[in-house]
Structures are given as structure tokens and as C-alpha cells.
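Hello,

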Amino acid sequence: MGFARPARIDDAGLAGQLAADALPGFRPADIALSRDGAGALVAGNDGRVALVRPLGDKFVVRALHGAEVARSGTVLRVRPPEPLFPETALDLGEAALAWARRL
Amino acid sequence: MSFPDPVAIAIPAFVALIIVELVAVRLGWRGDYDWRDTGTSLAMGLGNTIAGAALGGVVAAMAALVWEHRLLSIPVSWWSFLLCFVLDDLAYYVFHRSAHRVRWFWASHVIHHSSQHYNLSTALRQTWTGFFSLGFIFRMPLFFIGFPPELVFFCAGLNLVYQFWIHTEVIDRLPRWFEALMNTPSHHRVHHGTNPRYLDRNYAGVFIIWDRMFGTFEPERADDPPRYGIIRQLPTFNPLWVAFHEWIGIARDLARARSLKQLWLAIAGPPGAVSGETSDAVKARWQAGSAVMPAE
């Protein structure tokens with residue numbers, strides 16, 4: 001039918017570009033991709049951290065202020081304080097602990 | 001004299017053209033569709049039609065009331081039709097500009113911009129709360145001048161039908177004379193763009209001349225392709241959230257307001273005034289960033 005497939009985020013460059021496009025003035029400095037393509041965390045050089053997650057075949061970006069964050073092993077669960085924003089489970093491997101401390 | 005409803009007549013053509021565009025995209029033409037996004041757009045279009053059927057009579061009654069106190073008695077003729085069409089398009093420009101600069105009007109209009117896609121189904125993504133936000137008042141001067149309500153509604157329908165086909169990426173640029181005079185897919189892609197340079201630009205309905213006259217025109221650039229949607233993209237395809245999220249935001253900000261100024265900004269300020277994410281602020285940060293960024 002010509003419909004696009006659901007998006008995955010498995011390219012650090014793309015994650016950084018999406019965050020920079022969505023948040024004017026944001027300069028990506030460090031990026032962590034979920035191993036299953038479910039999302040990415042992008043740290044800016046101003047200390048902000050952005051969540052990038054797929055929505056259909058596109059993406060949604062949020063600067064994480066006051067987000068609920070929970071870690072279970074290598075998986076970080078993040079939910080921005082916003083109605084209907086789904087929880088994002090990010091499998092960050094061994095980097096999960098370090099990113100949890102940044103949030 | 002009675003006039004047909006141009007939108008009702010055009011609906012089969014809308015459906016057929018969406019299918020044609022889908023096939024074109026499938027064959028490799030520029031553009032893309034996501035079934036969830038298109039489904040939401042169609043749901044919004046259906047809700048808009050229902051709301052219009054339910055409340056259109058009230059708007060017609062108000063138009064008739066204003067027309068009874070008209071300044072002039074303008075007959076229905078070819079010249080009054082042309083004049084009405086042009087003035088109705090000017091009224092649309094004023095409405096549309098207000099809909100992007102005043103949060104009360106934006107709360108209804110944001111629905112149309114809430115898709116990250118730009119295809120013909122996006123044209124059908126329309127508000128359910130247009131009556132509540134009072135968008136119809138922008139056409140009232142036409143009735144007061146003396147244009148018969150049925151003529152104005154006919155012109156408004158034609159205006160809406162015209163705007164359908166410009167919601168596409170399949171068409172790149174049209175002949176220069178046409179791009180100079182008329183609203184086109186290229187001009188309207190800019191209007192739906194969230195790129196800082198494109199924010200609050202190209203409000204035209206049919207004639208792009210209004211933007212050129214009033215300083216709001218911005219051409220599409222090959223080196224800055226539009227990224228569609230809104231500054232803070234919605235995190236869901238839920239039609240109810242699409243329809244009401246900004247109204248809920250207004251209610252939340254009113255509840256938190258601690259001064260008359262905050263109350264005013266929550267209702268009548270520019271969208272994003274309370275959070276600090278106005279289009280002007282985004283542009284300013286972008287321009288500041290461009291000024292200090294080294295050339296790459």
C-alpha cells in the first residue's frame with residue numbers, strides 16, 4: 001500500500017540530528033542507543049539529556065526534565081512527565097547505570 | 001439563489017486523489033504515508049464533518065443576523081462572486097495568522113499541524129472545536145459589508161477545496177507565474193515546516209500574494225527541507241488527545257496562573273508563551289546558534 005514501516009533508532013548520528021533539530025540550541029555530545037532500536041538518549045554539551053523514541057515511522061524527542069527513571073540491570077525505563085507519553089524501555093547494556101545517574 | 005456545497009461534491013475526489021498519491025509514493029515519488037498517522041487524520045476529518053453538521057446551522061444563523069444589519073446590498077453576480085472570493089481569502093489569511101499567534105485559536109488549529117507527515121490525508125486532519133474557538137468570526141465582516149451568506153459560504157467551500165491538493169510532496173515546483181500568485185504545494189510545505197526559518201510563514205489559503213504583501217512569505221529551500229509537525233511533536237496517534245491536548249494545556253496553565261498577565265498569556269498569548277517555547281523564541285535561539293556556529 002505504500003505505508004512506511006515502524007521506525008527504529010539504530011544510528012547514533014541520526015539520534016543526535018533528531019535531538020538537535022527538535023531542541024534549538026541543543027548540541028549533542030554523547031549518545032546511547034537502545035540495543036533493540038527502541039530509543040536513544042542524547043546528552044547535550046549544556047547538560048541536558050534528550051530522549052529520542054520512534055512514533056510510527058517518525059520520531060518524538062523530549063528534553064528529560066523531571067522524568068520518571070527506573071533501572072533494572074541493563075534496561076533503563078524512562079517516562080517524561082507528560083500525558084500519553086509512553087514509557088520507553090532502553091536496553092543500554094553496561095552504560096545503563098551511568099546514564100541513570102545522569103538523569 | 002442557492003449554491004452547492006463544494007466540499008461535499010469534492011469528497012469522492014479527495015478519496016481518489018489520496019489513493020493516487022499512495023500509489024505514486026509506492027512507485028517512488030517523493031512523500032510518505034504511515035497507516036496510523038493517516039488513520040488519525042481520517043478520524044479527525046470525520047469528527048470535523050460531524051461537528052460542522054451539528055453546529056453549522058448556528059454559524060449560518062449568526063451570519064444571517066449580521067447580514068440583516070449590512071452596510072450594502074450586494075447582488076449575486078459574477079463580479080460579486082469574484083470580489084467575495086478574493087475578500088474571503090483575505091479573511092482566511094487574517095484568521096490563519098491569528099490561529100498561529102493566539103493560543104485560543106491555535107488550540108483548534110494545532111490539530112491540522114499535528115502530523116509529522118505531509119500528504120493529502122494531512123489536509124483532512126481538521127479540528128473538532130472550530131466553533132468553540134470562534135474561528136468563524138473572521139468571516140463576519142463579509143456579511144456586514146453585505147455579501148449574501150450563501151455566496152460567502154460557497155466561496156469558503158471553494159477555498160477549502162483548493163487547499164486540499166497543496167498538501168503533497170509529490171508536486172515539487174509549478175511554473176514561476178503560478179508560484180508568484182497562488183498558494184502551492186511548495187509554499188504550503190513551508191507553512192507546515194517546524195524548521196525555525198519556516199515557523200509562522202505562508203499563511204495563505206488560495207493567493208500567496210497576502211504573504212508577500214504583509215511580510216510573512218518564505219520560499220522553500222532545497223538546503224533546508226521542511227520537517228513537518230509542531231515544535232513539540234505529539235507522542236501519540238490517539239485522536240482524542242490530538243483533538244483536545246492544547247485545550248487541556250490551556251486549562252492546566254489557567255489553573256497554575258498566579259497573575260492576570262499569566263491568565264492572559266495562557267489564553268491569548270502566542271502558543272508556547274507559558275512554557276517559553278514560542279516560535280519567536282525558537283527562531284531567536286536558532287539565529288543565535290547560527291551566528292556562533294563555525295562554518296562546516
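This is a predicted model: local features need pLDDT of at least 70, side-chain atom pairs count only at pLDDT 80 or more; totals for chains, interfaces and linings use all residues.

A compact globule of 296 residues would have a radius of gyration near 19 Å, and chain B has 20 Å, so the two agree. Along the principal axes, the C-alpha atoms of chain B fill a box of roughly 60 × 55 × 35 Å.

Chain B contains 13 helices and zero strands. Its pattern along the sequence is accordingly α-α-α-α-α-α-α-α-α-α-α-α-α. Of its 296 residues, 36% are buried. Counting contacts in chain B with a separation of 6 or more, 72% are between residues 24 or more positions apart.

One helix of chain B I went through in detail is H2, residues 35-68. H2(B) has 34 residues, and from its first C-alpha to its last it reaches 47 Å, close to the 50 Å expected at 1.5 Å a residue. H2(B) also has a bend of about 50°, located at B:Leu55.

Which residues of H2(B) are buried? They are B:Asp37, B:Thr38, B:Thr40, B:Ser41, B:Met44, B:Asn48, B:Ala63 and B:Trp67. An α-helix has 3.6 residues a turn, so residues three or four places apart point the same way.

A:Gly16 lies in helix H1 of that chain, which covers residues 12-22. Is A:Gly16 buried or exposed? It is buried, because 22 other C-beta atoms lie within 10 Å, and the cut-off for a buried residue is 20 or more. Apart from neighbours within four places in sequence, A:Gly16 has contacts with A:Pro28, A:Ile31 and A:Val42. A:Pro28 is twelve residues from A:Gly16 along the chain, and their C-alpha atoms are separated by 5.6 Å.

Last, the interface between the two chains. Contacts there involve 16 residues of chain A and 23 residues of chain B. On the chain A side, the residues touching chain B divide into nine nonpolar, three polar and four charged. The size of an interface is often given as the accessible area lost when the parts come together; the figures here are residue counts instead.

Regards

Definitions and conventions. Residues are numbered from 1 along each chain as its sequence is written. Chains are lettered from A and ligands numbered from 1 in the order in which they are written. Helices (H or I, at least four residues) and strands (E, at least two) are DSSP runs, numbered from the N terminus. The radius of gyration is taken over C-alpha atoms; the globule rule is 2.2 Å times the number of residues to the power 0.38. A residue is buried if 20 or more other C-beta atoms lie within 10 Å of its own, exposed if 12 or fewer, and partly exposed in between; C-beta atoms are placed from the backbone. Two residues are in contact if their C-beta atoms, placed from the backbone, lie within 7 Å. The expected span of a helix is 1.5 Å times one less than its number of residues. The bend at a residue is the angle between axes fitted to the seven residues ending there and the seven starting there. Ala, Val, Leu, Ile, Met, Phe, Trp, Tyr, Cys and Pro count as nonpolar, Asp, Glu, Lys and Arg as charged, and the others, Gly among them, as polar.
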